Amino acid sequence: MTTTDDAATALFTELTGCAPAGVWSAPGRVNLIGEHTDYNDGFVLPFAIPHRTVAAVGPRDDRRIRVASTFADEPVEVAIDELAELFPTPTGKAPAVPEWAAYPLGVAWALRQAEGASDAVITGAGLDIAIASDVPVGAGLSSSAAIEGATASALNELWEAGLDRIALARVGRRAENEAVGAPTGIMDQMASMLGEPDAAIFLDCRSLDANLVPVGIAEAGLAILVMDTRVKHAHSTGGYGERRAACERGAAIMGVPSLRDVSVDDLPRAEELMDDVTFRRVRHVVTENQRVLDTVRVLREEGARAIGDLLVASHASMRDDFEISVPELDTAVEAALAAGAIGARMTGGGFGGAAIALIEQDAVQHVTDAVNAAFAASSFTAPVIFTVTPSAGAHRDA
Ligand code: ADP
Ligand code: MG
């Protein structure tokens, strides 16, 4: 039992007066490379991080679901039979429950309708769900997939749904897209469900074919630093939706179902056919897909030490072509590289959140100091900096 397990269990006991039937957890993730490629049917290479969200869950003898979180002031309770009235949330509207509760309740709603779920989910018992987490929220490390993955794993077992990990990832995504109303891809949920120690998940977002790629970070004498800029991003608003629209526009102009079907060789033609902004959005996605493929090959053939330039090129593409970086992210990347990082890039959806740097194991303090100093010199809020290692995906803890 971790301290987060203890916190979730304590919250459960405070709520119900008894012990949970079980404790499940799922991690956040860092995307090593492949940003905004997921909803373009492309490739991504995330890994699960040691930070986890925990759900302590037990059955109730009425048909109601109550969710509580250490992040929220009050629990939220609904009848199971009410879920189908609450969700899906109409496009552009806020969920009918407090937003945080739409993640776990949306998972319950989506699980009950999931293809391949056993009939048992329909008669599944009411539940109390207590959630605690040490995943930074809104930092681009996917606390959202972690809360979905922990809840989905718990309900899958307690409701005897019998879904596999990929089906549970889909349930999480559906909750996020349709219950919360955040138009995200499948990457985060797949990383949180499928992670393994020391491996990244090479995911084809079209086929959902997932292959583990050993990253060998520690064995190469390296470490991965996460630099959380503390600039909060919001998926459900603004730039993210605009970028998705630009990608759809670009694919339509190219006459293909998605940008996955456009190759680097097609870019000169794309440039002739579309306006400058749409073209640059397309160029980011197309070159980023290629960089994921290159990173997987380089990791397999040469090892982690050789992927630095690909990380740097990915950041430049997001900054200049996709325009989703912010000064804090650029500062973190530039300061880390100037302090000797092998590679660095912003990670996650952008407009805030975190950057990562691939560094020598013995340079953690040096690079951390350099990034802190650069933030101070620009009068930015101090970043939160820590190392991560590729870790296990969702599982039952107790
Ligand atoms: P990210 O996934 O990058 O952390 P998102 O905006 O996608 O950011 O998801 C963050 C949201 O997920 C929070 O605002 C909250 O609504 C919900 N959430 C995440 N973790 C928890 C938690 N432990 N308890 C309650 N809600 C949570
Ligand atoms: Mg998220």
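Reader: What makes the contact between the side chains of E323 and R281 a salt bridge?

Author: A salt bridge needs a side-chain nitrogen of Lys or Arg within 4 Å of a carboxyl oxygen of Asp or Glu. For E323 and R281 the N to O distance is 2.9 Å, so the pair meets the definition. Before going on: this is a predicted model, in which local features need pLDDT of at least 70 and side-chain atom pairs count only at pLDDT 80 or more, while totals for chains, interfaces and linings use all residues. Residues are numbered from 1 along each chain as its sequence is written, chains are lettered from A and ligands numbered from 1 in the order in which they are written, and side-chain values use heavy atoms, with hydrogens and water left out.

Reader: Which parts does the pair of E323 and R281 tie together?

Author: E323 lies in the loop between helix 11 (308-320) and helix 12 (327-338), and R281 in helix 10, so the link joins parts 42 residues apart in sequence. Helices (H or I, at least four residues) and strands (E, at least two) are DSSP runs, numbered from the N terminus.

Reader: Why is R281 called buried, and why is E323 called partly exposed?

Author: Buried means under 20% relative accessible area, exposed over 50%, and partly exposed in between (1.4 Å probe, protein chains only). R281 has 8% and is therefore buried. E323 has 34% and is therefore partly exposed.

Reader: How many salt bridges does a search of the whole structure find?

Author: The search finds 24. One of them joins R63 and D81, with the closest N and O atoms 3.4 Å apart. R63 lies in the loop between strand 3 (46-60) and strand 4 (64-69), and D81 in the loop between strand 5 (76-79) and helix 2 (83-86), so this pair ties together parts 18 residues apart in sequence. At 31%, R63 is partly exposed. Another joins D276 and R280, at 3.1 Å between the closest N and O atoms. D276 and R280 both lie in helix 10, four residues apart, about one turn of the helix. R280, at 16% relative accessibility, counts as buried. There is also a network of salt bridges that links R60, D62, R64, R66, E77 and D128.

Reader: How do you know that the side chain of H36 has a polar contact with G349?

Author: A polar contact is a pair of N or O atoms within 3.5 Å; within protein, one must be able to donate a hydrogen and the other to accept it, and residues adjacent in sequence count only if both atoms are side-chain atoms. The backbone oxygen of G349 lies 2.7 Å from a polar atom of the H36 side chain. H36 sits in the loop between strand 1 (22-31) and strand 2. Its relative accessible area is 4%, so H36 is buried.

Reader: Why are strand 2 and strand 8 edge strands?

Author: The open sheet has three strands in the order 2-7-8, with antiparallel pairing. Strand 2 (43-44) and strand 8 (209-214) each have a single partner strand, so one side of each is left without a neighbour in the sheet. Two strands pair if DSSP finds at least two bridges between them. Strand 7 (residues 199-204) and strand 8 have six bridges.
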